[in-house]
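Subject: Structure handover

Hello,

Here is the structure you are taking over. Please open it next to this message and follow along; the notes on what was found come after it.

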Amino acid sequence: MAVLVLGCFLVAGNLGQVSGEVALTEANDLVTRRVTDAVNLRIQQGGFDYSDFVRIDRDAAGNVTAITTDTAKINLLSAELLSDIVAANQQNMIEIGIPLGTLTGTQLLLGRGPNIHVKVYMLSNSTATFRNEFSDAGINQTKHQILLDVSVNIRIMIPWKTIKATVNSEVLLAETVIVGKVPETYVKVG
């Protein structure tokens, strides 16, 4: 009888910690999947490509003179994506199952036994910002990427505690390599 009582106290003591860690992992995965799905669906529906966001101006010789971003189109897409992401995260009740053996804290019983089901309520707020990134892609080439940084602040509420976390996702929206004039000489120093 004493062993059973001790086992119940051990399981109850580990329930809060383990369920919090499992809930955080599950929520993180769920939010990341929802963000990716929402962005992919919007991009597929819109059929966007690099030229929808950026115009490359060239001189008579074909040299790049300017790269102009269509800020209005990017802001519109940003608002649509943010709306999609918020809508995707409105379903805020998730249920997690934690194996009874995991709650004992013993490695030998980890992942074993019937699941203890815990309902988790998740609240979130989201932000989405675009950024341009330029990087070298060769002697006369520059890679230009348009990226969307999505940040979802979540608050996970389980019966015995509340956990706050931020899920960050980076999504590549468009990419191109801009080819410039080939230099007559090239010296690599260092």
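The expected span of a helix is 1.5 Å times one less than its number of residues. Helices (H or I, at least four residues) and strands (E, at least two) are DSSP runs, numbered from the N terminus. With 18 residues, α3 should therefore span 26 Å, and its end C-alpha atoms are 25 Å apart, which agrees.

Before the rest, a word on the source. This is a predicted model, in which local features need pLDDT of at least 70 and side-chain atom pairs count only at pLDDT 80 or more, while totals for chains, interfaces and linings use all residues. Residues are numbered from 1 along each chain as its sequence is written, and side-chain values use heavy atoms, with hydrogens and water left out.

Overall picture

The protein has three helices and six strands. Along the sequence they follow the pattern α-α-β-β-α-β-β-β-β. Of its 190 residues, 31% count as buried (under 20% relative accessible area; exposed is over 50%, partly exposed in between, with a 1.4 Å probe and protein chains only). The protein exposes about 11700 Å², and carbon and sulfur atoms supply 54% of that area (accessible areas come from the Shrake-Rupley method with a 1.4 Å probe; for residues, only the protein chains shown count as cover). Contact means heavy atoms within 4.5 Å. Among contacts between residues at least 6 apart in sequence, 62% join residues at least 24 apart.

The sheet

Four strands form an open sheet in the order β3-β4-β5-β6, with antiparallel pairing (two strands pair if DSSP finds at least two bridges between them). Its edge strands, β3 and β6, each pair on one side only. Neighbouring strands are turned by 35 degrees against each other on average, direction ignored (axes are lines fitted to C-alpha atoms, for helices over the stretch in contact, and angles run from 0 to 180 degrees between N-to-C directions).

Strand β3 (residues 93-99) and strand β4 (residues 115-138) are joined by seven bridges. In this pair, M93 is opposite Y121 and I94 is opposite V120. β4 also pairs with β5 (residues 141-158), over 17 bridges, and R131 has L147 in β5 as its bridge partner. A hairpin of two residues connects β4 to β5.

The helix on the sheet

Which strands does helix α3 lie across? Helix α3 (residues 71-88) lies across β4, β5 and β6, and runs at about 165 degrees to β4. Its buried residues include I74, L77, S78, L81 and I85. These cover an arc of only 105 degrees around the axis, which puts them on the same side of α3 (the arc is that of the directions from the helix axis to the C-beta atoms). An α-helix has 3.6 residues a turn, so residues three or four places apart point the same way. The exposed residues A72 and L76 are on the face of α3 turned away from its buried side.

The other hairpin

Strands β1 (residues 54-58) and β2 (residues 64-69) run antiparallel and are joined by five bridges. One of the bridge pairs is I56 with I67. Five residues lie between the two strands of this hairpin, and G62 in the turn has a positive phi of about 90 degrees.

Is S169 buried or exposed? S169 counts as buried because its relative accessibility is 12%. The residue lies in β6 (residues 161-179). Leaving out residues up to four places away in sequence, S169 touches T32, V35, L148, D149 and V150.

Regards
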